[in-house]
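Dear colleague,

Please look at the sequence and structure before reading on.

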Amino acid sequence: MNIERIETFLLKAALTGNDRFYSSQAPFGDRNSLVVKITTDDGLVGWGESGVSMPLEHVQTYIHDILAPRLLGKPALATEPLWHELYAFSRDFGRKATPVDALSGIDIALWDIRGKEAGKPVHALMGGAYRDTVRAYATGLYYREEDLTDPKGAASRVREEATAYLEAGFSAIKGKIGLLTARDDIRRMEAARDAVGDEFMLMTDANHAYNRHTARTVGNALHELGYWWFEEPLVPEDIEGCAALRSELGIAIAGGECEYTRYGMMDLLRAGAVDILQPDISACGGLSEGQKILALATAFHTPVCCHVWGSGVAASAALQLTAVIPPTPHTAAPRAAENDPIFEYDRTRNPLRDDLVVGGFQLVDETLSIPQGPGLGIEIDTDVLEQFTRKRGESKR
Ligand code: CA
């Protein structure tokens, strides 16, 4: 069974009105995903997703100009040698970012094919699941335009949103910090704590918006408010700074979404830079690399919770890997985020996450089911795919 055709779909969903938001760093006016479709000469189809952030045009170009000529005609089930070959090809010029983003979507699509060929979900081929559901946390408390002009009013808007997640059945939220002054953001996080109470799990994500000094001040305040983790306090290059923060602060440091492959993750782990490692399966090298990162994390006794941001395809791939994350450490009583994974579930408007994929996973209160069908366990709604496709790419044998 050989690779016959590689297609890519650059999807764009514009956000309007109140659906627009700011992360800790930048405004979001749309959501983008690069979806990869691989077809074999037997007619089996696999789906994947490449990259996390906008823009993704260069990743699409890389797939067709650089990777496709090295893949067409090759055995589709040989995920391991193909990964090795593609990574080795780009080693001298691209050990991170675009080449690995591109490789990730290809690898996920090939795992989807492997599962469909075997009639089993990906997690079964990876050795079997530790769980068939996972507790989700709501990623939210983003910034709106009005927060920039009225930072003092931001706290009451956070209170309202946190209460809505509580009422929707969540017991864990991750909120954004870093765009306003440290004082205003601490006030926002106080408001969230006040809204949901002491038993509720709260985390924060700074999208590397701080320098070391500000991160220390904010991290101390978050620890006092009982926040569970402080995600990406510093720029991803400042591994040493993260390691220092980790020893200075009481709060756990999370990170890894901007890092690539086992080699990048090894730098974080060796330096002692993170308490929780957060690879993104659509960027770090795909499911093949995800497995190696899991093995590496166990050697450093570090729990893994995937970073998840893309379409329903990316979420499904992350769910498949989440099924095989071992509890850290082993326990008869798994507790999400403590010794067992908790799953990132972004709550901003994104039709690519909610409408593109049919079946596979459902959220009930705060629990997500892990897809049980063959491969990724999902179907693609081709009408939705067409509707949001801005640029299509194709490479054929
Ligand atoms: Ca993040």
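This is a predicted model: local features need pLDDT of at least 70, side-chain atom pairs count only at pLDDT 80 or more; totals for chains, interfaces and linings use all residues.

**Salt bridges**

The count of salt bridges comes to 30.

Arg392 and Glu7 form a salt bridge, with their closest N and O atoms 2.4 Å apart. This pair links distant parts of the chain: Arg392 belongs to strand E17 (residues 389-396) and Glu7 to strand E1 (residues 3-14), 385 residues apart. Glu7 has a relative accessibility of 4% and therefore counts as buried, while Arg392, at 44%, counts as partly exposed. Both residues also belong to a network of salt bridges that links Arg5, Glu7, Lys37, Arg392 and Glu394.

A second salt bridge is formed by the side chains of Arg131 and Asp340, at 2.8 Å from N to O. Here, too, distant parts of the chain are linked, 209 residues apart: Arg131 is in the loop between helix H4 (122-125) and strand E6 (133-140), and Asp340 is in the loop between helix H12 (312-323) and strand E12 (343-346). Arg131 is buried at 9% relative accessibility, and Asp340 is buried with a relative accessible area of 14%.

The side chains of Arg135 and Glu366 meet in a salt bridge at 3.4 Å, N to O. Arg135 lies in strand E6, whereas Glu366 lies in the loop between strand E14 (363-364) and strand E15 (367-369), so the pair ties together parts that are 231 residues apart in sequence. With a relative accessible area of 24%, Arg135 is partly exposed; Glu366, at 17%, is buried.

**Strand E6**

How many of the eight residues of E6 are buried? Six of them are, and the strand is mostly covered.

E6 pairs with the following strands:

- E15: the pairing is antiparallel, over three bridges, and Thr133 has Ser369 in E15 as its bridge partner.
- E12: the pairing is parallel, over four bridges, and Ala138 has Tyr345 in E12 as its bridge partner.
- E7 (residues 172-176): three bridges join this strand to E6, and the two run parallel. Ala138 stands opposite Ile173 in E7.

With kind regards

Methods: Residues are numbered from 1 along each chain as its sequence is written. Side-chain values use heavy atoms; hydrogens and water are left out. A salt bridge is a side-chain nitrogen of Lys or Arg within 4 Å of a carboxyl oxygen of Asp or Glu. Buried means under 20% relative accessible area, exposed over 50%, partly exposed in between (1.4 Å probe, protein chains only). Two strands pair if DSSP finds at least two bridges between them.
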